[in-house]
Amino acid sequence: MTSANERHRPLQSGPCDECGQPIIWAYTANGNPMPVDAKPSDNGNVLLDARHPDHRGRPAAGVLGAQAAAGARDRGQELRTHHRLTCTHPERWARKTRKATR
Ligand SMILES: [Zn+2]
């Protein structure tokens, strides 16, 4: 592992502490950190925006509704999945999540 060029990485990813899958830390509109699968997913609904990183260089994460997600996919944008949905230890990430109202 070299640390050359570490200053300018648009999307920083690293292994999940629990399952070792590569994840990207993003931040939500509320400023909360959010783990997102590094790999784009065909049924993801999280759009990462690296143009407006926070002070740690994390991309902004936008969670799209079904229609917006379909539109983004049509435009060829890569969507990802909240890591909670694919982690082998989802309870690790459920801690602060409010109960979903649907
Ligand atoms: Zn994990």
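Me: Where is Pro59 found?
Reply: Pro59 is in the loop between E4 and strand E5 (60-63). Helices (H or I, at least four residues) and strands (E, at least two) are DSSP runs, numbered from the N terminus. This is a predicted model, where local features need pLDDT of at least 70, side-chain atom pairs count only at pLDDT 80 or more, and totals for chains, interfaces and linings use all residues. Residue numbers start from 1 along each chain as its sequence is written.

Me: Is Pro59 buried or exposed?
Reply: Pro59 is buried, as 22 other C-beta atoms lie within 10 Å. The cut-offs: buried takes 20 or more other C-beta atoms within 10 Å of the residue's own, exposed 12 or fewer, and partly exposed is in between, with C-beta atoms placed from the backbone.

Me: What does Pro59 touch?
Reply: Leaving out residues up to four places away in sequence, Pro59 touches Leu11, Ala26, Leu48, Asp49, Ala50 and Pro53. A contact here is two C-beta atoms, placed from the backbone, within 7 Å. Pro59 and Leu47 are twelve residues apart in sequence, and their C-alpha atoms are 9.6 Å apart in space.

Me: OK, and which residues make up the largest nonpolar core?
Reply: Twelve residues: Cys16, Ile23, Ile24, Ala26, Met34, Val36, Val46, Leu47, Leu48, Ala61, Leu79 and Cys87. Strands E2 (22-27), E3 (33-37) and E4 (46-49) each supply at least two residues of this core. A nonpolar core means a set of buried Ala, Val, Leu, Ile, Met, Phe, Trp, Tyr and Cys residues joined through C-beta atoms within 7 Å.

Me: How many residues of E3 are buried?
Reply: Four of the five, so E3 is largely enclosed by the rest of the structure.

Me: And how do E2 and E3 pair?
Reply: In the antiparallel sense, over five bridges. For strands to count as paired, DSSP has to find at least two bridges between them. Ile24 has Val36 in E3 as its bridge partner. E2 and E3 form a hairpin with five residues between them, and Gly31 in the turn has a positive phi of about 85°.

Me: What about E1 and E2?
Reply: Strand E1 (residues 13-15) also pairs with E2 in the antiparallel sense, over three bridges. Pro15 stands opposite Pro22 in E2. This hairpin has six residues between E1 and E2, and Gly20 in the turn has a positive phi of about 80°.

Me: Where's Gln21, and what does it touch?
Reply: Gln21 sits in the loop between E1 and E2. Gln21 counts as partly exposed because 16 other C-beta atoms are within 10 Å. Setting aside residues up to four places away in sequence, Gln21 touches Pro15, Cys16, Asp37 and Thr86. Gln21 and Cys87 are 66 residues apart in sequence, yet 7.8 Å apart in space, C-alpha to C-alpha.

Me: Switching to helices. How many of the nine residues of H1 are buried?
Reply: Zero, so H1 lies largely in the open. Just after H1, Gly76 takes a positive phi of about 85°.

Me: And in what order do the elements run?
Reply: From the N terminus on, β-β-β-β-β-α-α. That is two helices and five strands.

Me: What share of the chain is buried?
Reply: Buried residues make up 20% of the 102 residues.

Me: Where is confidence highest and lowest among the elements?
Reply: Helix H1 (residues 66-74) is highest, at a mean of 96, and helix H2 (residues 91-94) is lowest, at 85. These are pLDDT values, the predictor's confidence in each residue, from 0 to 100. The chain averages 85, and 82% of the residues score at least 70.

Me: Which residues have pLDDT under 50?
Reply: Residues 2-8 stay under 50, and the model has zero contacts beyond four places in sequence for them.
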